[in-house]
Amino acid sequence: MFPTDDWRIFALGAALFAALTAIFGKLGVVGVNSNLATWIRCLIILGVLALILSYRGEWTGLTSLSSKTWWFLLLSGLATGASWLCYYRALQLGPVSKVAPVDKLSVAFAILLAVIFLGERPDLKTWLGGALILAGSLVLVL
């Protein structure tokens with residue numbers, strides 16, 4: 001389906017779509033409960049993913065997943081849900097130009113958590129990048 005396996009292309013796509021999520025989400029939560037808006041968003045994502053899995057024939061292997069995989073996907077799903085609920089409520093209460101930078105602190109948190117829980121050893125560039133994201137978020141919000 002996609003012509004490349006370069007992670008950078010997908011990471012840029014994720015960033016672009018996350019930015020669009022902020023804009024469309026801000027417009028979408030006007031006059032509606034943020035939790036209901038998140039539920040609607042989840043239904044749409046579920047439908048789109050079902051279509052992609054069907055189109056690509058990727059439904060196979062579902063029953064062969066290990067219990068460890070299921071547990072971590074469950075925890076990831078719960079964390080994603082909590083993130084989305086908080087994000088939509090924050091968009092409802094605050095400006096995108098302030099909510100989005102705070103949300104992007106997830107990058108700095110991910111670097112730190114990867115060190116603590118995954119044993120990753122980031123290089124100096126990665127630490128510096130995380131620090132700059134932290135500093136940039138603080139500058140934009142304070």
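**Notebook: salt bridges, cysteines and core**

I began with Asp 103, which is partly exposed at a relative accessible area of 24%. For this label I used the band between buried, under 20% relative accessible area, and exposed, over 50%, with a 1.4 Å probe and protein chains only. The model is predicted, and I kept to its limits: local features need pLDDT of at least 70, side-chain atom pairs count only at pLDDT 80 or more, and totals for chains, interfaces and linings use all residues. Residues are numbered from 1 along each chain as its sequence is written, and side-chain values use heavy atoms, with hydrogens and water left out.

**Entry on salt bridges**

I looked up the partner of Asp 103 and found a salt bridge with Lys 104, with the closest N and O atoms 2.9 Å apart. The term requires a side-chain nitrogen of Lys or Arg within 4 Å of a carboxyl oxygen of Asp or Glu. Lys 104 is partly exposed, at 33% relative accessibility.

How many salt bridges does the structure hold? I noted three. One of them joins Arg 56 and Glu 58, whose closest N and O atoms lie 2.7 Å apart. Arg 56 is partly exposed at 36%, and Glu 58 is partly exposed at 35%. I also recorded the side chains of Asp 6 and Arg 8, which meet at 3.0 Å, N to O.

**Entry on cysteines**

I searched for disulfides, that is, pairs of cysteine sulfur atoms within 2.5 Å, and the structure holds zero. Cys 42 is partly exposed, with a relative accessible area of 32%, whereas Cys 86 is exposed at 54%.

**Entry on the nonpolar core**

Lastly, I looked for nonpolar cores, meaning sets of buried Ala, Val, Leu, Ile, Met, Phe, Trp, Tyr and Cys residues joined through side-chain atoms within 4.5 Å. The largest has nine residues: Ala 22, Val 29, Ala 37, Tyr 87, Tyr 88, Leu 91, Val 96, Val 99 and Ala 100. At least two residues of this core come from each of helix H3 (67–93) and helix H4 (96–103). Helices here are DSSP runs of H or I with at least four residues, numbered from the N terminus.
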